[in-house]
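Subject: Structure handover

Hello,

Here is the structure I said I would pass on. My notes on what turned up in it follow below.

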Amino acid sequence: MDTKADYYNRYFAAMYDTDRDAAMGIIQSALDDGSLTAEELLIDVISPSILKLEHDMVQEKKATLAQHYICSKISSEMTDWLLEQVDRKIMNKGVVILGTAFGDFHGLGKKIVGCVLNSNLYRVIDIGVNVSPETFVDTAVKNNARIIGVSSMMIHTAIGEEGARGVCSELERRGLRDKIKVIVGGAPFRFDDQLYKQTGADGWSPDAIEAVKVVDRLMKEKANV
Amino acid sequence: MSSARQRFGDLMSGQLPDRVPVVCNLLEQGAKEMGMSIKDYYSKGENVAYGQIRLIEKYGHDVAWAFHYTASDAEMLGSKKSIFPDDGPPNVGHLIIKSIEDIHKLKIDSRIFNTKSHQELLKTIDILKTELGKEYPILSAVVGSYSMPAILMGIEKWMELLFTPQAGEAVNLLYEKCSQFVNLRCQALLEAGVDMIIYNNPLASAAFITADEFKKKALPWIHKDVQTTGTAGMVYFNGGGEINPMLPALVEHSGFGAFYINPMDDIREAKQIVNGKGLVAAPINDIKLLRFNEEEVKNEVERIISEGKEGGGFIFGTLVMPYGIPEHTIRSMINVAKQAGQY
Ligand code: B12
């Protein structure tokens, strides 16, 4: 078996068992014996592993959500650690501001999405729960972010004035609406794939794998502006 | 025409009722009826009772809710703050468990019944029993012990604890204490006179676990939760996640006699699995009701009823109706359901 595939399989197994220390040991040994570079580990081991785990969970109903959450945390931690060893400029696909809408204190979905985006080389700034539209926009401007992600678990925070809709109006008010894209997600959106339209957002996603695809797409659209 | 109570009675004794019963989970909407903020509404049990009475008079559905909100379970265990929005359900604002030590310290005893949350709920139950009890079944709800830690320590901390080596004992202890709470609470609700308890177990749904894991880890706690009361009057509720994958184990081993599935669960499949060994309640996807026009409402309600009605044992329902659904939409949903549900 080739080295990459071997490390991928071993790392995936360790992560799947939520064994952080074993996962870290495998990455360390790949670096130590020089078989893979940090870049290769990021792109060919860490990122595909977490995407496969989520695929197993969503499509094949093999993994549980708690496991998914822990794995996404392991994955994000490994990414941060490897990123210390590479040229961040090359390995950074862009900055994403992520938070939970004002009046909403649920952070699990957002955290998973954040960890998975991070493991896919976006620099994620998680600004927590109960975030006002102004804070979303201030943080995006300060960090030169091109994407704002707003999570909500309840319908009134998902489509209310102080949620993503408020973020979109605040961007508009500051003349930034075409520069910064807004993406939404969370339980209510999963019940109605049209719901995101009521918020004025540019996209939505039902899970973290899709979130990576949507953010990739919006970044491309952005690049063409 | 039967009363709502007879309708459910028929269903439970295996007979065909005059029509499919309609459960409509209107909660905060009662505050609107009473002309109050959601916070004021929930501050007194009588507000909720009269809110429910007005809702039934207005819309004509078949059950009255003697239930306030999920966060009140946490209040009964010492949570000092719930957050009341203007246009949605209250939320837990103070998590009472911050460490493993707090799990050890948590005491479950009859003091939970001295709390304002419980006392106000008793008032709601009492008024509803007196005013509507002859005609309507009175419903309440509990969160199953398998899901309860989420409102005591926050779901992220809970998931982390589940995967902390050496925390197994604390995890079991918290389940155990939650289950003691559920036993006490169900018993008190039934003694106070509620007819049915909606047993809400979202962390045991397919949104979180596999069917295998359900059998191994969730089912034993479901058994423990109903040790005191038994399962008469208990309805197993999906809590927002899909439960068809769990139904075979639930039907076979839980002793529950009614299963309230998710809008994403296939109704025909659920009826096939339950196979007459209990009732199936199937809800409309009520988040879509925020935007559906009359035609869309009609089609969706008729679809649900036509998939579930045959042979009886079927209830039409909703999940937790969002506050913003227009009144005319609620009306037409209920009217179409009554029409389409005739036997
Ligand atoms: C588990 C659960 C509970 C549990 C735990 C909740 C928690 N997280 O702390 C308990 C029992 C405590 C609970 C209680 C309540 N719940 Co609840 N609950 C659920 C359930 C089944 C799953 C939610 C969840 O945690 N999923 C796991 C996480 C990881 O998934 P997620 O948040 O969806 O995130 C994923 C995606 O959405 C996406 N994503 C998330 N955020 C973002 C952000 C971006 C930018 C992107 C791109 C993607 C993205 O990626 C994530 C990873 O895959 C949902 C229904 C459902 N099927 O989703 C209802 C649901 C959220 N609950 C609901 C309600 C109403 C409540 C209550 C308010 C009920 C009440 N009246 O008291 C209470 C509030 C409790 C409180 N906080 O005080 C409603 C909300 C809709 C509405 N009507 O407003 C839902 C949708 C069920 C329903 N349809 O009625 N609940």
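The side chain of B:E156 reaches the backbone nitrogen of A:L108 at 3.5 Å. This is a predicted model, and that should be kept in mind for everything that follows. The side chain of B:E156 also makes a polar contact with the side chain of A:K111, at 2.8 Å. Leaving aside neighbours within four places in sequence, the residues in contact with B:E156 are A:Y69, A:G107, A:L108 and A:K111. B:E156 belongs to helix 9 (residues 155-162) of chain B. Its relative accessibility is 16%, which is under the 20% cut-off, so B:E156 counts as buried. From B:H104, B:E156 is separated by 52 residues in sequence and by 20 Å in space, C-alpha to C-alpha.

The ligand

The ligand lies between chains A and B. Of the 42 residues around the ligand, those that come nearest are A:H106, A:S151, B:T70, B:V92 and B:G240. Two of these have a polar atom 2.8 Å from a nitrogen atom of the ligand: for A:S151 it is a polar side-chain atom, and for B:G240 it is a backbone N or O atom. An oxygen atom of the ligand is 2.9 Å from a polar backbone atom of A:I155.

Which element gives the largest share of the shell around the ligand? That is helix 5 of chain A, with 5 residues. At least two residues each are supplied by helix 5 (108-119), strand 3 (147-151), strand 4 (181-185), helix 9 (187-191) and helix 10 (208-224) of chain A, together with strand 3 (91-92) and helix 8 (149-153) of chain B.

The sheet in chain A

Chain A has an open sheet of 5 strands in the order 2-1-3-4-5, with parallel pairing. Strand 2 (123-126) and strand 5 (203-204) of chain A are at the edges with a single partner strand each, so one side of each has no neighbour in the sheet. Strand 2 of chain A pairs with strand 1 (residues 95-100) of chain A in the parallel sense, over 4 bridges. Within this pairing, A:L98 stands opposite A:D126 in strand 2 of chain A.

The loop between strand 2 and helix 6 (133-142) of chain A holds A:N130. A:N130 is not a glycine, yet has a positive phi of about 55°. With a relative accessibility of 28%, A:N130 counts as partly exposed.

Strand 5 of chain B

Strand 5 (residues 196-200) of chain B has 5 of its 5 residues buried, so this strand is largely enclosed by the rest of the structure. In a regular strand the side chains alternate between the two faces of the sheet. Here B:M196, B:I198 and B:N200 point one way and B:I197 and B:Y199 the other way, and all are buried.

Strand 5 of chain B runs parallel to strand 4 (residues 138-143) of chain B, to which 5 bridges join it. In that pair B:S140 stands opposite B:I197. Strand 5 of chain B is also joined, by 4 bridges, to strand 6 (residues 234-237) of chain B, again in parallel. The bridge partner of B:I198 in strand 6 of chain B is B:V235. The chain passes from strand 5 of chain B through helix 11 (residues 211-225) of chain B to strand 6 of chain B, and this β-α-β crossover is right-handed.

Helix 13 of chain B

Which residues of helix 13 (residues 267-274) of chain B are buried? They are B:I267, B:A270, B:K271 and B:V274. Because these residues cover an arc of only 95° around the axis, they are on the same side of helix 13 of chain B. An α-helix has 3.6 residues a turn, so residues three or four places apart point the same way. On the other side of helix 13 of chain B, B:R268 and B:Q272 are exposed. The cover over the buried residues includes helix 12 (247-253), strand 7 (258-260), strand 8 (279-284), helix 14 (294-308) and strand 9 (314-318) of chain B.

At the start of helix 13 of chain B, a side-chain oxygen of B:D266 comes to within 3.0 Å of the backbone nitrogen of B:R268. Just after helix 13 of chain B, B:N275 takes a positive phi of about 50°.

Regards

Methods:
Residues numbered from 1 in each chain as written. Chains lettered and ligands numbered in written order. Predicted model: local features only at pLDDT ≥ 70, side-chain atom pairs only at ≥ 80, totals over all residues. Heavy atoms only, no water. Buried < 20%, exposed > 50% of the residue type's maximum accessible area, 1.4 Å probe, protein only. Arc of directions from axis to C-beta. Contact = heavy atoms within 4.5 Å. Polar contact = N/O pair within 3.5 Å; in protein donor to acceptor, adjacent residues only side chain to side chain. Pairing = 2+ DSSP bridges. Right-handed = clockwise from strand over helix to strand, strands pointing away. Near = heavy atom within 4 Å.
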